[in-house]
Amino acid sequence: MKRFLGFLGSVGLVLSAPLTAEAARLSLVGSVKLSVAESPIEDARVTVTFHGHEMGIHEYTTQRRIRVRTDASGSFEAVVKVPDDRYIWTHATVEIDETDMSKAAIAQTLCQIDEQGGGYCSKSFNVNPLGSQ
């Protein structure tokens, strides 16, 4: 009986301790620059859509979308939390809105799968200046 009560006490300690689970996440770290001068595009609105499919079911596709803005150096980071190990994330579509300096642009980039069931990308995007062909 003492062993049983000791066992229940240990289980209670384990259950009362906070469980910290690291959620899976999708992330894209990038930068937006003007194609002719390589100068950064500040405060551009960027929409990132991560594309994936259910594990083992390629016909069932899913998306996660986030909107961010570039900072003074043209850099941005888009991060979304996702259920871990449920989806395979394949690529991301990046839409960069028109600014007072540049035209709108759409690009895609591949995602690298991480250990938690998420993915990450890193890419620099060049946009054309207004008035260019």
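Select phenylalanine 76 first: this residue is buried, with a relative accessible area of 5%, where buried means under 20% relative accessible area, exposed over 50% and partly exposed in between, computed with a 1.4 Å probe on protein chains only. The model is predicted, so local features require pLDDT of at least 70 and side-chain atom pairs count only at pLDDT 80 or more, while totals for chains, interfaces and linings use all residues. Residues are numbered from 1 along each chain as its sequence is written, and side-chain values use heavy atoms, with hydrogens and water left out.

Rings of Phe, Tyr and Trp (its six-membered ring) pair if their centres lie within 6.5 Å; planes under 30 degrees apart count as stacked, over 60 as edge-to-face and the rest as tilted. The count by this rule is two aromatic pairs. One of them joins phenylalanine 76 and phenylalanine 125 in a stacked arrangement, with 6.3 Å from centre to centre and 25° between the planes. The pair links distant parts of the chain, 49 residues apart: phenylalanine 76 belongs to strand β4 (residues 75-82) and phenylalanine 125 to strand β8 (residues 119-127). Strands are DSSP runs of E with at least two residues, numbered from the N terminus.

Is histidine 53 buried or exposed? Its relative accessibility is 9%, so histidine 53 counts as buried. Display its surroundings: leaving aside residues up to four places away in sequence, histidine 53 touches His58, Tyr60, Thr61, Thr62, Arg86, Tyr87, Ile88 and Thr90, contact meaning heavy atoms within 4.5 Å. The side chains of histidine 53 and histidine 58 are joined by a polar contact of 3.4 Å. Such a contact is a pair of N or O atoms within 3.5 Å; within protein, one must be able to donate a hydrogen and the other to accept it, and residues adjacent in sequence count only if both atoms are side-chain atoms.

Select glutamate 54 and arginine 86, whose side chains meet in a salt bridge at 3.2 Å, N to O. Glutamate 54 lies in strand β2 and arginine 86 in the loop between β4 and β5, so this pair ties together parts 32 residues apart in sequence. Glutamate 54 is buried at 16%, whereas arginine 86 is partly exposed at 38%.

Continue to aspartate 97 and arginine 45, a salt bridge in which the closest N and O atoms are 3.5 Å apart. Aspartate 97 is in the loop between β5 (87-96) and β6 (105-110) and arginine 45 is in strand β2, so parts 52 residues apart in sequence are tied together. Aspartate 97 is partly exposed at 31%, and arginine 45 is partly exposed at 34%.

Then select arginine 69 and aspartate 43, where the closest N and O atoms of the salt bridge are 3.8 Å apart. Arginine 69 sits in strand β3 (residues 57-69) and aspartate 43 in the loop between β1 (24-34) and β2, 26 residues apart. Arginine 69 is partly exposed at 48%, as is aspartate 43 at 46%.

Cysteine 111 is buried at 10%, and cysteine 121 is buried at 5%. A search of the whole structure finds zero disulfides, a disulfide being a pair of cysteine sulfur atoms within 2.5 Å.

Definitions and conventions:
Helix = DSSP H or I, 4+ residues; strand = E, 2+ residues; numbered from the N terminus. Salt bridge = Lys/Arg side-chain N within 4 Å of Asp/Glu carboxyl O.
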